[in-house]
Structures are given as C-alpha cells and as structure tokens.
Amino acid sequence: MISRLPPSVVVGLSLSALSVLWAWVALADIAAMEVARTDWLLADSPLPLLWYTLFSEGRAVEMVQWALLFLSTVLATSWWFSRRSTASSAERLPFLLLASALLLMLVEDSLNLRHVVADDYLPLLHSHLPFTESFINRLIWELSFYSMLAAMMLGSIATIVLRHRPRRKTLVWLSLAFVVYGSVGFGSALRRIGNWQERLGTWLMERFDLYGLPYWQDALEIMERPREIRESYSLTLEYLLVDHLLEESVELIAASLLLAALLYLSRDIQPRSVPVP
C-alpha cells in the first residue's frame with residue numbers, strides 16, 4: 001500500500017539521490033575528471049555535459065518526478081474510491097478534484113501539455129486572441145493554466161483540511177509542498193519576463209568561470225550551430241542551465257514534498273477506530 005510509505009524516507013531518498021547526482025555532475029563537468037564521465041550515458045546526448053544528460057526533459061531526474069506524481073495520484077484516487085459506500089457525492093468530490101489535479105500535473109509534466117498548446121494551438125487562434133504579441137498571449141495562457149491548477153489543488157486540499165482537521169505537522173508539510181511547487185511553476189510561466197532564467201544562467205556561468213571549461217566550450221559551440229541555420233532559434237546554454245539543472249532539481253524536491261505531505265494527510269483522514277469498553 002502506498003499509504004504505508006514513510007514520508008520522511010520519500011524526501012530523504014530524493015534529497016540523497018539529488019546530492020549524489022550533483023556531486024557526480026561537479027566531478028564530471030566542472031572538475032572534468034575523466035573517471036566520472038560515462039561514455040555510454042553521454043553517447044546519445046546532444047551536449048557533452050553530464051548535467052544535461054541527467055536533468056534535461058524526459059531524462060532520469062524528470063522520470064523520478066513522474067513516478068512521485070504517479071504515486072500521489074494513485075494515493076488520492078484511492079481515497080476517493082474507498083469512500084464510495086460510506087460518503088456522499090459531495091463529501092467525495094474534494095478527493096476526486098485532488099486526484100484530477102494531480103493527474104493533470106502528471107500529464108502536463110510528462111507530455112509538456114502547456115507547451116503543446118502554446119506552440120501548436122495558440123498560433124492558430126492568433127487573430128482571435130486579445131493581444132497581437134505572441135509573447136503576451138503565451139504568458140496569459142501559462143499563467144491561466146497554473147492558476148487553474150493551483151485553484152484545483154488548493155480548493156480540494158482546503159476542503160479536506162476543514163473537514164478532517166489534520167495535525168499541524170501535516171499542514172506544515174502541505175504548505176511547504178505548495179510553496180515550493182507553486183514557486184517553480186509560476187517561475188517557469190514568468191521566465192520570459194526580463195528573461196530572468198537566462199540572466200541567472202549567465203550570472204552563474206560567469207560567477208563559477210564555466211565559460212572557460214573545456215566541455216562547456218564545446219557545448220557553447222554546439223548551441224551556436226542551430227542559430228546559424230535559423231535566426232529565430234532562442235535556446236542558449238545559460239537558459240538550459242537554469243531550466244534543466246536548477247528547475248528540475250527543485251521540481252524533484254517539490255514532488256517528494258508533495259507525496260510526503262499526502263502520506264501524512266492519509267494518516268490523518270483515515271477513520272479512527274472506537275475502543276470497545
């Protein structure tokens with residue numbers, strides 16, 4: 001049973017795995033230790049950097065996030081199913097809404113639903129949208145998407161909390177999970193405001209002298225090739241450093257915090273047995 005997983009173990013394993021991966025990246029990409037560079041892992045990577053291989057979209061770190069979100073979705077769905085015969089439809093609705101929100105998070109994260117809509121469908125509706133700048137329309141769409149998702153999550157959790165009165169410890173974990181997930185989600189939606197992700201990536205690369213390292217120089221040259229073919233190509237290594245390495249790390253922590261919070265909540269909402277006199 002998923003509900004029997006120790007919440008602290010879930011977060012501890014995620015943080016431990018993340019620490020090991022960051023140490024591995026430091027040895028392979030910054031210290032340039034050949035013994036830390038795995039040829040078979042880097043063979044199918046477009047960039048000769050271990051952090052890109054591990055933290056880019058659809059790679060190892062993001063797959064772990066999907067697994068954590070899947071477990072959270074199954075857990076919330078089990079709450080809904082377990083109350084089919086004991087609770088009214090109105091009492092079960094928050095659990096269904098929570099499970100639906102978690103499923104939407106999983107689908108968006110694994111299939112890039114937000115980007116698919118922005119890239120493939122918003123241009124088709126361009127003449128009907130309120131603004132002529134695609135940047136603003138995309139910003140409005142992404143903020144609307146995350147606002148709807150946040151409303152579903154907060155509304156369902158708030159209803160469950162008010163009805164079942166969980167412990168303060170559970171409330172702290174829930175608050176922490178929502179703050180971290182909300183920060184990374186809305187931060188991603190606002191990434192084009194001042195190009196803050198690319199500016200942060202530039203600062204980090206300058207601060208740690210990454211521009212002068214051999215594998216990073218090779219990656220910078222590779223990133224320039226698409227721009228020679230297509231002037232509109234906008235991805236940079238500085239942007240990917242923040243969008244992949246930093247953002248995916250925070251998302252992994254957020255996913256583990258969310259599952260841990262739901263595991264604590266599961267213990268608080270289970271029916272308590274009444275002692276027999």
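Let's start with two helices: α8 (residues 168-189) and α11 (residues 237-269) have axes that come within 8 Å and cross at roughly 150°. Since angles over 145 degrees count as roughly antiparallel, α8 is therefore roughly antiparallel to α11. The crossing of α8 past α11 is left-handed. Sorted by class, the residues in this contact are 17 nonpolar, two polar and four charged. Keep in mind as you look around that this is a predicted model.

Now turn to Arg114, which you will find in helix α6 (residues 113-121). Is Arg114 buried or exposed? Its relative accessible area is 5%, and because the cut-off for buried is under 20%, Arg114 counts as buried. Which side chains does Arg114 meet through polar contacts? One is the side chain of Glu142, at 3.0 Å, and another is the side chain of Tyr146, at 3.1 Å. If you set aside neighbours within four places in sequence, the residues in contact with Arg114 are Glu108, Trp141, Glu142, Phe145, Tyr146, Ser188 and Arg191.

Our last stop is Asn137, a residue of helix α7 (residues 134-164). With a relative accessible area of 6%, Asn137 is buried. What does Asn137 touch, not counting residues up to four places away in sequence? Here you can pick out Leu122, His126, Leu129, Pro130 and Phe131.

Terms used:
Residues numbered from 1 in each chain as written. Predicted model: local features only at pLDDT ≥ 70, side-chain atom pairs only at ≥ 80, totals over all residues. Heavy atoms only, no water. Axes fitted to C-alpha atoms, helices over the stretch in contact; angles between N-to-C directions. Helix = DSSP H or I, 4+ residues; strand = E, 2+ residues; numbered from the N terminus. Parallel < 35°, antiparallel > 145°, perpendicular 65-115°, else oblique. Left-handed = near helix turned anticlockwise from the far one by under 90°. Nonpolar A, V, L, I, M, F, W, Y, C, P; charged D, E, K, R; others polar. Buried < 20%, exposed > 50% of the residue type's maximum accessible area, 1.4 Å probe, protein only. Polar contact = N/O pair within 3.5 Å; in protein donor to acceptor, adjacent residues only side chain to side chain. Contact = heavy atoms within 4.5 Å.
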